[in-house]
Amino acid sequence: MSSKKVSSRSWSLATRLTTWYTVASLLLAVFTMGSLYWWLAAYLTQREDRVLIERVQVLRAILRDRPQAILELRQEVDLNSPIHRRDDVQVYVRLLDEHGQPSLTTEGMDALLPPRAFTLVVPVDSQPSHVTDVQSLEGTSYRALAARASVGGSGEKTWLVQAARDREHHKLLLANYRRGLLMMLAITVIACPLVAYFLARRGLQPVREISDTARHIGSATLSARIEAAGYPVELGTLADTFNAMLDRLEDSFRRISQFSADIAHELRTPIHNLRGEAEVTLSRARSIDEYKEALTSCLEETVRLSDLIGRLLFLARAENPGTQLERENVNLTEELAAVREYYANAASEAGVALSTAAGGDVVVAVDRGLLRGAIANLVANSLTHTPPGGSITLAAQVDDGHARIEVCDTGTGIPTQDLPRVFDRFYRADRSRSSQPGNMGLGLAIVKGIVTLHGGQTAIESEVGKGTRVTLTFPMSARPQDRESRRAGPSDMMDHGRVVPIPNMTKK
Ligand SMILES: Nc1ncnc2c1ncn2[C@@H]1O[C@H](COP(=O)(O)OP(=O)(O)O)[C@@H](O)[C@H]1O
Ligand SMILES: [Mg+2]
C-alpha cells in the first residue's frame, strides 16, 4: 500500500528543487552571457565607426579649408604608412573628384573595395553617421562610410570621400569570445544540476531524518526523538512539533498500559477472593448457615466487581465523542441542594458540615443524571478526606459565559506532586485507602469524563492540611434537547436504566 502511495506521488522534492534551480541558473547564465556578448559587439562596432567618422571629418575639413594641401591629403589617405598603422587594423580611404574619378586612394583599396561598393552617400551638409556593412571582393566584411565634401568651402565643387575599415579583426575577437561563452555555458549545464542536487540533498537531510525517525517509531520505540540541534528554523519547528506529538503519544501510551495493568490488578483481588471463598467452602461439608455466609461474602465481591465494570464501561462511554447527552435545562442551585440532601446523613455521621452557598439561580443545559453523578463523586471525595469538625461547601455561579460549580472542603488536601495526576484513572494520592471498597481511584476520572462530554473543563486546587477546591466549568451556550423535563429529586440519583457511577456512601 505504501509503495502504491509513493508511486502515485509526483517527483521528489529534491528532484523538483534541482530542476527549478537548474532551469533558473541556466536562464540567468544565458541572459548574462548573451547581454555581455551583445554589449561587446555593439561597443566594438561603435569604436570602428568612430574611427571612420573622424577620418571622413578630417578629410572634409582639409578639403574645405586647404584644398591645395595635396601633401597633407596624401598623408591622410596613405593610411598603411607606419604613422597611421595601429592595432593591426586596416583602414582605407579614397577621394573621388567632382567628375567621380579617383584622385587619391589608399594602396590596395581598389582590389578590395571599388568605388561602386559604396552605395550610401552622406550629403555635404550632413553629419557623416551612416556607416554600413559592405562585402569586399575577397568576401571579407568591412564597415564603410561615404560622404560628400565641399572643396574650398564655396559649395560649388564637391568631392566624394570614401572610407572603409576591416572588420575581420573584431569578428575574430567576437568569435573567440563566443567560443569562451559557449564553453562556460556547457560547464554550467553540467555543473548546475550536480550542484543543485547536492544542495537539495543537503538541505533536505533533516526531512529525511525526521521521516526515518517516524518510520521506526513503534509502541516499543516511542521514546525515540529527533535531534533538532542545527536544523534550519522551519525544520526545527517541524521537528519540535513532531517531538511534542511523540511526547503526547508516549504519555497516552504509558497511561493506557498503566490502565490495563490497573484493570487487571483491580479485577484480580475480587476474583481471588471469590475463588478462595468457594474453594474453602467446598473443601468439606458445610451447614446451611455456613453456605449462606459464604454466598453472602461472594455476593459482596460480585457487587464490587460489577461496580468496577460499571465504572469502566462509563469511562469508555465518556471517552467516545459520539456519546449522546440527554441535555435539559437544569437549575444548578437546585441540583446542589438535592445532592446536599442526599449526603446529609453521611455528613452528620462523619461530623462534617455540608452546605450550599447562597446565590441566584444558574440554569444550564446539561445531562441531569450525569451532572449529579459528577457532583456526588466530588462530595464523596470531600467526605472521605475531611476529618470531623470540617466543612464542605457547594456553590454554583455564572462567570463570563460559563456556569461554574465549586466543591470546597477543609480536608486533608492533596500533595502538590499528586495534583496533576488525580484525574487519571486508578490514581489514588493516598494508597493506604486503596483497600477500601469504592475507592478505586476512578471517581475524578469519571468526573472529568462527564465534564468533557459536556464540553466543559475541570480544575483542582489543593493545599495539604488546608483543603481542596474542585471547579467544574460548563459552557452556557449548549441548547437543551426536545424532551420532557424531569423533576429533580434525591430519588433520581441513580439514573433509570443508565450506568451513572455514583459512590455508594452507605457503605462507608
Ligand atoms: N477532596 C479531596 N481531598 C483530598 N484528597 C482528595 C480529594 N479528592 C480526591 N482526592 C485524592 O485524589 C485521589 C483520586 O480521587 P478519586 O479519583 O475520586 O479516587 P478515589 O476516591 O476512588 O480514591 C484520591 O485517592 C485522593 O487521594
Ligand atoms: Mg473518589
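Which helices each supply at least two residues of the shell around ligand 1? They are α10 (368–385) and α11 (443–453), with helices (H or I, at least four residues) and strands (E, at least two) taken as DSSP runs numbered from the N terminus. Keep in mind that this is a predicted model, where local features need pLDDT of at least 70, side-chain atom pairs count only at pLDDT 80 or more, and totals for chains, interfaces and linings use all residues. Residues are numbered from 1 along each chain as its sequence is written, chains are lettered from A and ligands numbered from 1 in the order in which they are written, and side-chain values use heavy atoms, with hydrogens and water left out.

**The chain overall**

- The chain holds 11 helices and 12 strands.
- Of its 508 residues, 39% are buried; buried means under 20% relative accessible area, exposed over 50%, and partly exposed in between (1.4 Å probe, protein chains only).
- Take the contacts (heavy atoms within 4.5 Å) with a separation of 6 or more: 68% of them are between residues 24 or more positions apart.
- The accessible surface is about 29,300 Å², and carbon and sulfur atoms own 57% of it; areas come from the Shrake-Rupley method with a 1.4 Å probe, and for residues only the protein chains shown count as cover.

**Around ligand 1**

- There are 20 residues around ligand 1, and Asn381, Asp409, Asp430, Gly441 and Leu444 come nearest; to be near, a residue needs a heavy atom within 4 Å.
- By type, the shell splits into 7 nonpolar, 10 polar and 3 charged residues. Here Ala, Val, Leu, Ile, Met, Phe, Trp, Tyr, Cys and Pro count as nonpolar, Asp, Glu, Lys and Arg as charged, and the others, Gly among them, as polar.
- The largest share of the shell, 3 residues, comes from α10.
- Backbone atoms make polar contacts (pairs of N or O atoms within 3.5 Å) with the ligand: a polar backbone atom of Gly441 is 2.7 Å from a ligand oxygen, one of Leu444 is 2.8 Å from a ligand oxygen, and a backbone N or O of Gly443 is 3.3 Å from one.
- On its own, ligand 1 has 530 Å² of accessible area, and the protein covers 96% of that.

**Helix α11**

- This helix is mostly covered, with 9 of its 11 residues buried.
- Gly443 and Leu444 are among those buried residues, as are Ile446, Val447 and Val451.
- The buried residues pack against α8, β6 (327–331), α10, β11 (457–463) and β12.
- After α11 comes Gly455, which has a positive phi, near 80 degrees.

- Leaving out residues up to four places away in sequence, Leu472 touches residues including Ala374, Leu378, Ile405, Val447 and Val451.

**Ala186**

- You'll find Ala186 in helix α5 (residues 168–203).
- Ala186 counts as partly exposed because its relative accessible area is 39%.
- Leu26 is 160 residues from Ala186 in sequence, yet 9.9 Å away in space, C-alpha to C-alpha.

Key: A polar contact is a pair of N or O atoms within 3.5 Å; within protein, one must be able to donate a hydrogen and the other to accept it, and residues adjacent in sequence count only if both atoms are side-chain atoms.
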